[in-house]
Amino acid sequence: MKALHIAMIMMSALLATACLSEQEDIFDVPLDGHTFFEADFEDVGFPGNSDRLWERNVGIGVFGSVEGVNEKYTLKKAFDSKRTGEFYGPKVSGEKVKAYYPYSEDFSLLDGNLSYTLAPHQEFDGTTSMYDQFCRYSKVVYAFCYGNGKLKFCHASGLLSVQTRLDVSKIVKSISISSDQPLAGIGYVADDMSVTMAGSASRTIMLDCGDGVVSKNGDVYSKFPVVMPAGVYENLRVVLT
């Protein structure tokens with residue numbers, strides 16, 4: 001069986017409108033005691049109104065390679081046409097910087113790496129778009145910096161579209177995706193955006209379709225979106241019930 005490649009989702013043309021004008025400083029920040037990063041969100045997606053990315057108190061989380069403290073960096077300047085912004089925060093130590101969005105006080109490292117979490121139980125009602133389904137279960141985006149002051153954020157998850165075409169219509173209540181590889185739970189993101197799942201991670205992802213989604217027949221395919229870590233998979237097993 002051929003290996004299945006699940007690529008990182010690249011959501012572009014998403015932040016075309018910001019609630020702040022081009023190159024507008026939001027805060028007058030003293031240079032002493034602060035570090036500045038230019039954060040690029042062009043390749044990531046957010047559900048609903050993307051203007052929230054440019055709100056005044058929006059923050060990214062930043063870890064230096066020394067001590068590993070979860071520092072909040074706050075938006076200082078928005079470049080809406082470039083879909084980038086300048087963020088500032090306490091100086092971090094070390095050449096390698098790890099960052100994530102959105103900031104959370106509870107975010108922590110796993111074995112010195114940015115932690116990654118994916119729900120093994122996902123829900124789909126048949127009306128949610130593939131894009132919104134992906135954003136629902138891939139909420140955190142990641143970036144790394146090696147001294148140039150730039151952070152390019154990316155998703156570490158991908159989207160598997162299970163497509164069915166049956167001789168007769170069937171009400172699908174759930175879809176199970178299983179593998180010999182760990183698929184969901186807790187893991188971490190490496191510098192190359194690859195995901196390593198912890199030993200306790202689940203080898204099954206269940207897509208719960210609630211009261212059921214009608215799988216079409218004839219020449220029309222039904223599509224069921226399943227969010228998975230980006231990577232290469234062999235011998236995935238798919239079961240419809």
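Trainee: Is C135 buried or exposed?
Mentor: Buried. This is a predicted model, and C135 has a relative accessibility of 3%. The cut-off for buried is under 20%, so C135 counts as buried.
Trainee: And C209, buried or exposed?
Mentor: C209 is buried, at 3% relative accessibility.
Trainee: How many disulfides are there?
Mentor: The count is zero.
Trainee: New topic. What is the strand order in the open sheet of four strands?
Mentor: The order is β10-β17-β14-β20, and the pairing is mixed. From one strand to the next, the twist averages 20 degrees.
Trainee: Which strands stand at the edges?
Mentor: β10 (121–123) and β20 (237–240). Each has a single partner strand, so one side of each has no neighbour in the sheet.
Trainee: How do β10 and β17 pair?
Mentor: In the parallel sense, over three bridges. β17 covers residues 204–215. E123 stands opposite D208 in β17.
Trainee: Which helix lies across β10 and β17?
Mentor: Helix α1, residues 130–137. Helix α1 runs at about 145 degrees to β10.
Trainee: Where is S176 found?
Mentor: In strand β14, residues 170–178. S176 is buried, with 16% relative accessibility.
Trainee: What does S176 touch?
Mentor: Leaving out residues up to four places away in sequence, S176 touches T204, I205, M206, R237, V238 and V239.

Technical notes
Residues are numbered from 1 along each chain as its sequence is written. This is a predicted model: local features need pLDDT of at least 70, side-chain atom pairs count only at pLDDT 80 or more; totals for chains, interfaces and linings use all residues. Side-chain values use heavy atoms; hydrogens and water are left out. Helices (H or I, at least four residues) and strands (E, at least two) are DSSP runs, numbered from the N terminus. Buried means under 20% relative accessible area, exposed over 50%, partly exposed in between (1.4 Å probe, protein chains only). Contact means heavy atoms within 4.5 Å. A disulfide is a pair of cysteine sulfur atoms within 2.5 Å. Two strands pair if DSSP finds at least two bridges between them. Axes are lines fitted to C-alpha atoms, for helices over the stretch in contact, and angles run from 0 to 180 degrees between N-to-C directions.
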